[in-house]
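Please look through the sequence and the model before reading on.

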Amino acid sequence: MLCDDIRVIITDIPGGNSEILRRLIDQVRKNIQPVAIFLAASMGADKVMLIAGCSRDLVERGFSAADWVKEVAPLVGGGGGGKPDLAQAGGKQPANIPAALEAAKIFILSSTAQG
């Protein structure tokens with residue numbers, strides 16, 4: 001998805017874990033800028049991992065991955081935080097991942113419209 005001049009990637013990574021999700025974000029940020037990435041993975045029947053990352057140029061524009069994760073995490077029954085360029089959250093409701101990804105999309109669209 002392209003939002004203004006920002007490449008946006010929002011997806012579920014079945015079978016992912018925090019290490020895999022972080023590596024994916026790092027690889028994408030090395031190759032694409034500006035970019036905002038939001039990844040989700042269910043880990044078993046009652047565990048969710050959400051990780052958001054963005055390129056440094058977006059941080060300089062005022063975008064925060066930590067705000068993004070904090071906004072979405074309650075939808076999967078969790079919470080989290082982190083730094084403006086990389087943040088993560090955990091949750092307990094994998095069935096709500098589709099709703100969380102939709103909320104992540106709405107958040108980035110409204111954030112870029114304001115910025």
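Is Asp-85 buried or exposed? With a relative accessible area of 15%, Asp-85 is buried, because buried means under 20% relative accessible area. The model in which this value was computed is a predicted one.

## Asp-85 and its partners

The side chain of Asp-85 meets that of Arg-56 in a salt bridge, with a distance of 3.7 Å from N to O. Asp-85 belongs to the loop between β5 (79–82) and β6, whereas Arg-56 sits in helix α2, so the pair ties together parts that are 29 residues apart in sequence. Through salt bridges that share partners, Asp-26, Arg-29, Arg-56 and Asp-85 are joined into one network.

## Other salt bridges

Side chains of opposite charge can pair when their charged atoms come close. A search of the whole structure finds 5 salt bridges, and one of them joins Arg-61 to Asp-5, with the closest N and O atoms 2.9 Å apart. This pair links distant parts of the chain, since Arg-61 lies in the loop between α2 (56–60) and α3 while Asp-5 lies in the loop between β1 (2–3) and β2, 56 residues apart. Arg-61 counts as partly exposed at 47% relative accessibility, and Asp-5 also counts as partly exposed, at 44%.

A further salt bridge, between Glu-19 and Arg-23, has its closest N and O atoms 2.6 Å apart. Both residues lie in helix α1 (residues 18–31), where they are 4 residues apart, about one turn of the helix. Glu-19 is partly exposed, with a relative accessible area of 45%, whereas Arg-23 counts as exposed at 54%.

## Helix α3

Helix α3 spans residues 65–72, and within it Ala-65, Ala-66, Trp-68, Val-69 and Val-72 are buried. Seen down the axis of α3, these buried residues fall within an arc of 160°, so they line one face of the helix. The N-terminal end of α3 is capped by Ser-64, which has a side-chain oxygen 3.2 Å from the backbone nitrogen of Ala-66.

## The nonpolar cores

The largest nonpolar core has 28 residues, and those with the most contacts inside it are Phe-38, Leu-50, Phe-63, Trp-68 and Val-72. Among the elements that give two or more residues to this core are β3 (35–42), α3 and α4 (97–114), and the largest share, 7 residues, comes from α4. Apart from this core lies another, of 9 residues, including Ile-25, Val-35, Leu-39 and Ala-41.

Terms used
Residues numbered from 1 in each chain as written. Predicted model: local features only at pLDDT ≥ 70, side-chain atom pairs only at ≥ 80, totals over all residues. Heavy atoms only, no water. Buried < 20%, exposed > 50% of the residue type's maximum accessible area, 1.4 Å probe, protein only. Arc of directions from axis to C-beta. Polar contact = N/O pair within 3.5 Å; in protein donor to acceptor, adjacent residues only side chain to side chain. Core = buried A, V, L, I, M, F, W, Y, C linked by side-chain atoms within 4.5 Å. Salt bridge = Lys/Arg side-chain N within 4 Å of Asp/Glu carboxyl O.
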